Amino acid sequence: MPIYNAPLADMKFILNDVFNAEQFWQANENLAHIDAATAEAILEEMAKFAQNVTLPLNRTGDEEGAKIENGNVTTPAGFKQAFKQYAEGGWIGLGADAEWGGQEMPKMLTVLSDEMLFATNPSFMLYPLLSVGAGMALNSYASQEQKETYLPKIYSGEWSGTMCLTEPHAGTDLGIIKTKAERNEDGTYNITGTKIFITGGDHDLAENIIHLVLAKTPDAPAGSRGISLFIVPKFIVNADGSLGERNSAGPGSIEHKMGIKASATCVMNFDGAKGYLVGKENEGLAAMFVMMNYERLSMGIQGLGASEFAYQNAAQYATDRLQGRSAAGVKSPEKPADSILVHGDVRRMLLNARANNEASRAFAVYVGQQLDITKFSTDAEAVKKANDRVALLTPIAKAYLTDTAFNATLDAQMVFGGHGFIREWGMEQCIRDLRISQIYEGTNGVQSQDLIGRKTIKCGGAFIEEYIQEIRDFANDLDAELNFIKDATLDAAAEIQSVTQYILEASKENIDFSNAAAVDYLHAVGLLSFSYMFAKIAKAASAKEGDFYSNKVSLALYFVQRVLPELAVRIAKIKAGAEVVMNFSEDYFTSQA
């Protein structure tokens, strides 16, 4: 059976030493209720739950899968009990407002608790994840009455939530959705249409499911300006809060998927289902983006969790696997062969994964800190700056963290050799489950276009310029003993600044340029971001003694010498331009000649 040991020491190091979390929390009156001891206790409890409850259900859940019969979906054995335990532990409302039964824990902390669940059982994690996202959208845009009706039940786990956006013909382009909302005399709406790829569209984990559905009223403006958001509960909620009749909304089928098979991904049919408007007509997309942006950071954490899981199993396998002898001479003469850890290529693959994990974890906490500032700070200038930073970094958190995690997980699988292809070792499921993180919540290509288009070109590079300045200010303060990461980070910042200016100019000359360069630009900024994180890690570690800390500095050096050089390749691809991509005719792609 695959192993997993929550990386609590690394998590505590990131919180306490790299980001001085307790000082940050205590300086904000809205976060003063949490200190380092409380945070560590929460992480330790989540580690127990992840290791003892969700990990044992991961493979069995994949093998059994979610099932549908007579319009009702059931989850695999053990999921219902695990969800009940998770809900009763208060985990769904960990970051939610106290007004609705939440614990108001900072995002800096919840990204780490989420990582452990994603590492041990991504299918399970998706059920409460969608509830939290739905709760955030409702808390931002719903009426007080709607909040009082739905939020306490969602955060308690009695009810769950979904987001219903995609239709068979409308994915990224939500402006062309066909789901209709017709107003009734009592102020409710009849919702009619079909949604696909709905995570947790139906299940047996909660008594009610609160669907947040995008639809258009008959006289709505064309495009995304005409989208409205509606609450469509599985069971109608009576005035006294009890559950009434079944709404005419339900699953038509469950998608047959590559991975996350225990997560019920449903085709949802709405046949004149009763819906309740959230906010105002034609302003639904803004509300849904609250949920979508939350999910996008969560997908990056899904990548991190998978990469950590894969690394731990590959490292253990490499330690135990005896095969061949070291080129430098026998290392274990008492054994018939040395472990494969004596081989440089095996170490390369493991170090790639380890470097990705540590930089990704720091980056997730960094983005979480920016989100905490936007939510809890009373300093208007700080909030604006953090909002700009979140806008810039959300597509990177989603796309770069999942792209690099997928590559790291492939490296980890390769460490196993043939055993990595065999089910019992867990690597093939890990890869199947992880692959979706690069696709859903906006494919990574779409995230790249968002970064280069809306977050860079549209603002004339202002967001990235502010970020680069922050990185430079930090790197310039590093001590001489860390010149290796200081110089590398400053050089990377200069390269990103230069190529950003190149992009701003080139995009004026060729309308196709930005789209063709988008993925390479996102990876380039991602590499700079990881260098920044390793600079923070190295600074914190260099002030401490012991192998745990010295190894952090050594891993930063590995990143500088063996990973960061990819930046030059990405920039070269950007400067190759769009013509070499766009010069082929459309007929070429289907021509056999």
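**Close-up views of cavities, helices and single residues**

**View 1. Lining of the largest cavity.** Asn58, Phe118, Ala119, Pro122, Gln302, Ala306, Phe309, Cys430, Asp433 and Leu434 line the largest cavity. A cavity is a set of points, on a 1 Å grid over the protein atoms alone, where a 1.4 Å probe fits but cannot get out, and lining residues have an atom within 4 Å of a point. The model is predicted: local features need pLDDT of at least 70, side-chain atom pairs count only at pLDDT 80 or more, and totals for chains, interfaces and linings use all residues. Residues are numbered from 1 along each chain as its sequence is written, and side-chain values use heavy atoms, with hydrogens and water left out. The volume of the largest cavity is about 80 Å³; a volume is the space filled by probe spheres set on the points, which are joined across faces, edges and corners. Helix H6 (107–120), helix H9 (284–320) and helix H12 (427–435) each supply at least two residues of this lining. Helices (H or I, at least four residues) and strands (E, at least two) are DSSP runs, numbered from the N terminus. By residue type, the lining of the largest cavity has 7 nonpolar, 2 polar and 1 charged. Here Ala, Val, Leu, Ile, Met, Phe, Trp, Tyr, Cys and Pro count as nonpolar, Asp, Glu, Lys and Arg as charged, and the others, Gly among them, as polar.

**View 2. Lining of the second largest cavity.** Helix H4 (56–64) and H12 each supply at least two residues of the lining of the second largest cavity, and H4 gives the largest share, 4 residues. This lining divides into 4 nonpolar, 5 polar and 3 charged residues.

**View 3. The buried face of H4.** Leu57, Asn58, Gly61 and Asp62 are the buried residues of H4. Seen down the axis of H4, they fall within an arc of 130°, so they line one face of the helix. The arc is that of the directions from the helix axis to the C-beta atoms. Buried means under 20% relative accessible area, exposed over 50%, and partly exposed in between (1.4 Å probe, protein chains only). The cover over the buried residues of H4 includes helix H3 (36–54), helix H5 (79–88), H6, helix H7 (122–141) and H12. Gly65 follows H4 and has a positive phi, near 70°.

**View 4. The two sides of H5.** Phe79, Ala82, Phe83, Tyr86 and Ala87 are buried in H5. Seen down the axis of H5, these residues fall within an arc of 130°, so they line one face of the helix. Gln81 and Glu88 are exposed on the other side of H5. H3, H4, H6, H7 and helix H8 (144–156) are included in what covers the buried residues of H5. Just after H5, Gly90 has a positive phi of about 80°.

**View 5. Phe363 in the largest nonpolar core.** Met116 and Phe363 touch the most other members of this core, which has 190 residues. Helix H16 (residues 513–542) gives the most to the core, with 18 residues. A nonpolar core is a set of buried Ala, Val, Leu, Ile, Met, Phe, Trp, Tyr and Cys residues joined through side-chain atoms within 4.5 Å. Not counting residues up to four places away in sequence, Phe363 touches Leu393, Ile396, Ala397, Leu401, Tyr467, Ser529, Phe530 and Met533. Contact means heavy atoms within 4.5 Å.

**View 6. Thr500 in helix H15.** Thr500 is found in helix H15 (residues 483–509) and counts as buried, at 2% relative accessibility. Leaving aside residues up to four places away in sequence, Thr500 touches Thr456, Ile464 and Tyr521.

**View 7. Two loop residues with positive phi.** Asn282, in the loop between strand S11 (265–278) and H9, has a positive phi near 70° and is a residue other than glycine. Asn282 is partly exposed, with a relative accessible area of 26%. Glu441 is in the loop between H12 and helix H13 (444–457). Its phi is positive, about 60°, although Glu441 is not a glycine. Glu441 is buried, with a relative accessible area of 17%.

Notes. 1 Å grid on protein atoms, 1.4 Å probe; cavity = no way out; pocket = protein on both sides within 12 Å on 5 of 7 lines; lining within 4 Å.
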